[in-house]
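Thanks for coming. I will walk through one structure today, starting with a single chain and then turning to what it touches.

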Amino acid sequence: MRGVASRVRATRRKSLEPRRSGLLVNAVLAAICLAWTLPTLGVLVTSFRDSRDIFNSGWWTVFPHRSWVKVGELKLEPGIDVDGPMTLEGATATFAEWREGVQVSASRKLQWYGNKRTRTLHAQELRWVGFSPKLTLENYEGVLSGGEVSFRDGNGNTITRRGNNFSDAVLNSLAVAVPSTVIPILIAAFAAYAFAWMEFPGRKGLFVIVVALLVVPLQIALIPVLRDFTKLGLNGSYLAMWLAHTGFGLPLAVYILFNYISQLPRDIFESAFLDGATPFSMFRLLVIPLSIPALASFAIFQFLWVWNDYLVALIFLGDKNRVVTSALAAMVGEKGQDWHFLTSGAFLSMILPLAVFFALQRYFVRGLMAGSVKG
Amino acid sequence: MAKGSKLLRAAGLVLLLAATVALLYGGYAFLRDFKGPKLVVVLVAIAWGLGSVALLYAVLNAMAESLPRPARALALPLVFAGPALALLFWFLVFPTLRSLWLSFFDETGTRFVALANYRFAFADRIMLESFRNNLLWMVFGTLLCVGLGLVIAVLADRSRLEKLYKSLVFMPMAISFVGAGVIWKFMYAYKGEGTGIQEIGLLNAAVVALGGKAQAWLLVPFWNNFLLIAIMVWLQTGYAMVILSSSIKGIPAELLEAARIDGADELQIFFRIIIPAIEGSLVTVSTTIVIFSLKLFDIVRVMTGGNYGTNVIANEFYMQQFTYGQSGRASAIAIVLLVAVVPVMAYNLRQFGERRAFK
């Protein structure tokens, strides 16, 4: 496997051809990347906007744009009948039309305010609006808190809700994800070493089982395992999540680490053995340090998987010790229109995996390649 | 004398084992009963979890090493591979057999119903709808992911900004399906009818700006499936792109140069050289995404809950087990999912056999 990798690296070029087809290619790519980034950007921007603004205007309005801005008020002259057509600043329209707003010139619009009795119109002009300065951290405070939270809706009414306690959810996610990443790696590394360098009966047959389990859908295991956990009283505990994620992650972990550890040069084990090293000390002092790249690849893969998992958490944690994904999903159910909470919650759930992802992208890519079903 | 020291060592090991078990149980009991600040619980839990596993291996290994030679040769592999195998059997092998068993029984798990659950799985209206939708996911989701991934990989290879473009398309891979669900629910948001309402969802705002009428898109039957598939495409195209890109870069430069000298144009190079050269990766990526679409759950659960004609098999599995309490039916659905991946499993095993990783 490593032989192939180094051969590929030897013939690897910078690019398919000299970079000459510049503009069109870059334009297409830029358009695709814009489409790919806009959804996330929208959520990020919205999460920092005032709740009242979120309900009244699209998130893109924080960027400079032209829009109708109220510049003054107009009182209707006493003689005008509001039930018939009315002429104002040269335009004639009915009440219903005035209420929708009528453009009286290229850059001026009049719009009726409220019901017929107000006899008031707002004059609006099309103007450039700069970056909206009204950004706030209130949404984050609200979503992190577990107590009462109040905010203003689109009409300025104050609404009180229970916060979703995201600070606890983040802690729960950490308590689930860190051990669920390290434990399977440790267990799988021991097993991979045994499969690669130890003799024992049934070695090949057992490894065939590992390979067969690689693509088994985890739905197949959920009901029986849930029954076991119920009997053991483990539901809702971190331990249940560690066990489940370890069990479900092991086939891939053993497979990837076996591919790597079995390729380590035989001589180092032989000379260590002659020096009187036990398998355990060889594992600790040789295998682990030499396998760091493979361990790191799988670690990132597993961490992102566990942190982002929803199904396993939903079934084995339920409403107790909610992790970020289940807290967010619950919030979608309870507060489907509270976009200020939803967007800030979504962003909180994304920060850590995104940071890990951008910091360690190279290892992640390597893990993905090693983990592709064909291997 | 030697016998005495051996006995002493054995006694020491037993004591060590007892201390380990006490420590593990103590940690467990502490975590169960402690009612202090969450942060403390989390830190103790992480330390306890990681420490226990390391400690268990060390103690078990010490015990195995103290055995006489012939027994040791068997005990050591057992210590090294045993825990992994025990977990694999507990969490995957036995559950598969137990699910198969459960699938022949009714919801109480006691009354044998033969194939009734499978009749449900293949004939019920909601299951047929789910099969149709999963087929849509597998066909359109996979085609779009692989097609777009391939186009981006080939184009990015010709741009100076390759890294930036690829990072941006790859980024959603780090986002959870639930998070992606919120992101896209916001894209599809609909504010309702009335005067002076400004759409805050990007899709409806774009539709209105182009002169159309805003809609609750997720409620439009049949087509809403494609809005959900778009989310998976957004999430998974990066995966296809990365794998295909690295295999495109593995095509020898001489091959492409020779083709150009012979007068091949870029389209011919793409279809006659690049595609055949990366065929293996294309198969791998497509298979992975097909399996992924087959098991898809989170996106549908969060976006529509399977309502409005968007149900999928994995969601129906969840509903049968946890909403209706029909564990027999749910197990039958799980078995159907398993059977659907058997060809891939067989392919993997054949590949593995051909690699001769074991001498």
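Among contacts in chain A between residues at least 6 apart in sequence, what percentage join residues at least 24 apart? The figure is 68%. Keep in mind that this is a predicted model, so every value I give is computed from it.

Let me stay with chain A. Its secondary structure consists of 16 helices and eight strands. For a chain of 375 residues the globule rule gives 21 Å, but the radius of gyration here is 31 Å, well over that value, so chain A is more spread out than a compact globule. You can also see this on screen from the C-alpha trace, which spans about 110 × 65 × 30 Å along its principal axes. As for burial, 42% of the 375 residues of chain A count as buried.

Now one helix pair across the chains. In general, two packed helices are described by the angle between their axes and the distance between the axes. If you want to find the place, α2(A) makes the contact through A:P39, A:T40, A:G42, A:V43 and A:T46. From α7(B) the partners are B:V182, B:I183, B:W184, B:F186 and B:M187. By class, the residues of this contact are seven nonpolar and three polar, with no charged ones.

Last, chain B by itself. Where does the domain assignment put the domains of chain B? Domain 1 covers 2-102 and domain 2 covers 117-355. The C-alpha centres of these two domains of chain B lie 41 Å apart. Between them, four residues of domain 1 of chain B are in contact with six residues of domain 2 of chain B. The domain 1 side of that contact has two nonpolar and two polar residues, and no charged residues.

That is where I will stop.

Methods: Residues numbered from 1 in each chain as written. Chains lettered and ligands numbered in written order. Predicted model: local features only at pLDDT ≥ 70, side-chain atom pairs only at ≥ 80, totals over all residues. Helix = DSSP H or I, 4+ residues; strand = E, 2+ residues; numbered from the N terminus. Rg over C-alpha atoms; globule rule 2.2 N^0.38 Å. Buried ≥ 20, exposed ≤ 12 C-beta atoms within 10 Å, placed from the backbone. Contact = placed C-beta atoms within 7 Å. Domains from an automatic or database assignment. Nonpolar A, V, L, I, M, F, W, Y, C, P; charged D, E, K, R; others polar.
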